[in-house]
Amino acid sequence: MLFLLVAFSTIATERRAESQGPQSRAPEAGKSAAEHEGDAHRLVELLGHQTYQSRSRARRELIQRGPSEAVRSALATGLRSNSLEIRQASWQLLQQFEWQEFDRELERLTSPDVSPDDIRLTGWREFSAIAGDDQWSRRLYGRIVRGHHATVRKLIRNRNADCQRRWDDDPYRLATSDAVGWALLLFSDSMEIAPSRPDLSASILNALNHSGLGPLRVSAGDRLVIQRLVDNWLSIHPKAGNERDRLMVAMRYECNLQAGQLCRQTLADESATAAALVTAMLCGCVLHHDDLGPHLSRRLNDDRTAHIWQLIASRKTKIRTQVRDVALALLLHQEGIDPRQFGFVELQADPLLLFRDHSLGFADERSRQAAHEKGRARLGI
């Protein structure tokens, strides 16, 4: 009983001492860097003292000094101490300093008065170089680092290393409303200098091109940032997927400069597939390319099949779309003429490409020949 009373009395005395605040003073201004570092190392050693009172004093003193270079150096040394108590306390203090600094930087990130060059959040410099520096990119990046701080840190630290990708999310599983997940995935895949998983880049392209996938159900601000990320991603992965899919993704996310460049490259490429040429012609019409007319006229004799479409209502009827069919329909459209008036009876509108490319064909050669003769006569070709 006497032993318990003495023990309780000792604990009470130590806690009263702790509640009275730190007994040591802050580092004196006149001390040299070596003296400050020596003080910090002595305080770290006290983290393993046998009395609770001394350990608490040392901890409070280190917190009061803050994450200075001397304190960080001493705590880093404490991580290698033989004392488990010192190692554990040093790690906890380093973590506390890191999160305090992280919270301060998050506040600075959302402040329009802080220059982007003065923000020290890990990965912000790389992200802003791709996504820009405005309120939308800052807000989205703040949400990214809050939820995936460790992932971003590993990504930046290992971007030049030949290692496994640090972001392994599946683009097919990301929700269309998950702006954070999609932004991090695109940022991660853009940061890979030598991608270790080209199959993931192909999956990203397929998901972005799929009507039911991709980051489409996001806010206007998030969509603007996603657009920049997609634009950059397409530039970094020029060999992902085929020309048609890349064009469709650029158009879908309104990357107009990227789409225009891809469009002109495809139209000038004599080895481009029929499907890619058809999509490029439609994109050029939507983007109002001034030089599209000569390309269309040059393709009026291209009888390669781009698409075969089987009608749902009549499974026996197949619509074959040739390159020359699309060229003629778009030449008529440029003249303000509805192609349906010239035999394109299966034509369907498309919110993205003006017309659905597979609907610009014919069920038989006789119908095609009649439409071309009538259309050419109207255009004077």
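Let's start at asparagine 232, which lies in helix H10, residues 220-236. The model you are looking at is predicted, and its average pLDDT is 83.

**Around asparagine 232**
- Setting aside residues within four places in sequence, asparagine 232 is in contact with Ile130 and Ser190.
- Serine 190 is 42 residues away from asparagine 232 along the chain, yet their C-alpha atoms are separated by 7.4 Å.

**Around cysteine 255**
- You will find cysteine 255 in the loop that runs between helix H11 (243-252) and helix H12 (256-268).
- Cysteine 255 counts as buried because its relative accessibility is 3%, and buried means under 20%.
- Apart from residues up to four places away in sequence, cysteine 255 touches Gln227, Val230, Asp231 and Ala250.

**The nonpolar cores**
- In soluble globular proteins, nonpolar side chains tend to be buried together.
- Here, the largest nonpolar core has 82 residues.
- Leu121, Phe127, Tyr141, Ile144, Leu229 and Met281 are the residues with the most contacts inside this core.
- Helix H8 (residues 179-191) supplies the largest share of the core, nine residues.
- Phenylalanine 127 touches Gly132, Ser137, Tyr141, Ile144, Phe187, Val225 and Leu229, leaving out residues up to four places away in sequence.
- There is also a second, separate core of 15 residues, and Ala40, Ala58, Ile86 and Phe97 are among them.

**Two helices packed together**
- Two packed helices are described by the angle between their axes and the distance between the axes.
- For helix H15 (residues 323-334) and helix H16 (residues 365-379), the angle is about 35 degrees and the axes are 10 Å apart.
- The crossing of H15 and H16 is left-handed.
- H15 brings Arg324, Asp325, Leu328, Leu331 and Leu332 to the contact, while H16 brings Glu365, Arg368, Ala371, His372, Gly375, Arg376 and Leu379.
- Sorted by class, the residues in this contact are five nonpolar, two polar and five charged.

**How confident is the prediction?**
- A pLDDT of at least 70 is reached by 85% of the residues.
- Residues 1-27 have a pLDDT below 50, and this stretch has 22 contacts in the model beyond near neighbours in sequence.
- Residues 160-167 also have a pLDDT below 50, with 23 contacts beyond near neighbours in sequence.
- Where pLDDT is low, the predicted coordinates should not be read in detail.

Note on methods
Residues are numbered from 1 along each chain as its sequence is written. This is a predicted model: local features need pLDDT of at least 70, side-chain atom pairs count only at pLDDT 80 or more; totals for chains, interfaces and linings use all residues. Side-chain values use heavy atoms; hydrogens and water are left out. Axes are lines fitted to C-alpha atoms, for helices over the stretch in contact, and angles run from 0 to 180 degrees between N-to-C directions. Helices (H or I, at least four residues) and strands (E, at least two) are DSSP runs, numbered from the N terminus. A crossing is left-handed if the near helix is turned anticlockwise from the far one by less than a right angle, and right-handed if clockwise. Contact means heavy atoms within 4.5 Å. Ala, Val, Leu, Ile, Met, Phe, Trp, Tyr, Cys and Pro count as nonpolar, Asp, Glu, Lys and Arg as charged, and the others, Gly among them, as polar. pLDDT is the predictor's confidence in each residue, from 0 to 100. A nonpolar core is a set of buried Ala, Val, Leu, Ile, Met, Phe, Trp, Tyr and Cys residues joined through side-chain atoms within 4.5 Å. Buried means under 20% relative accessible area, exposed over 50%, partly exposed in between (1.4 Å probe, protein chains only).
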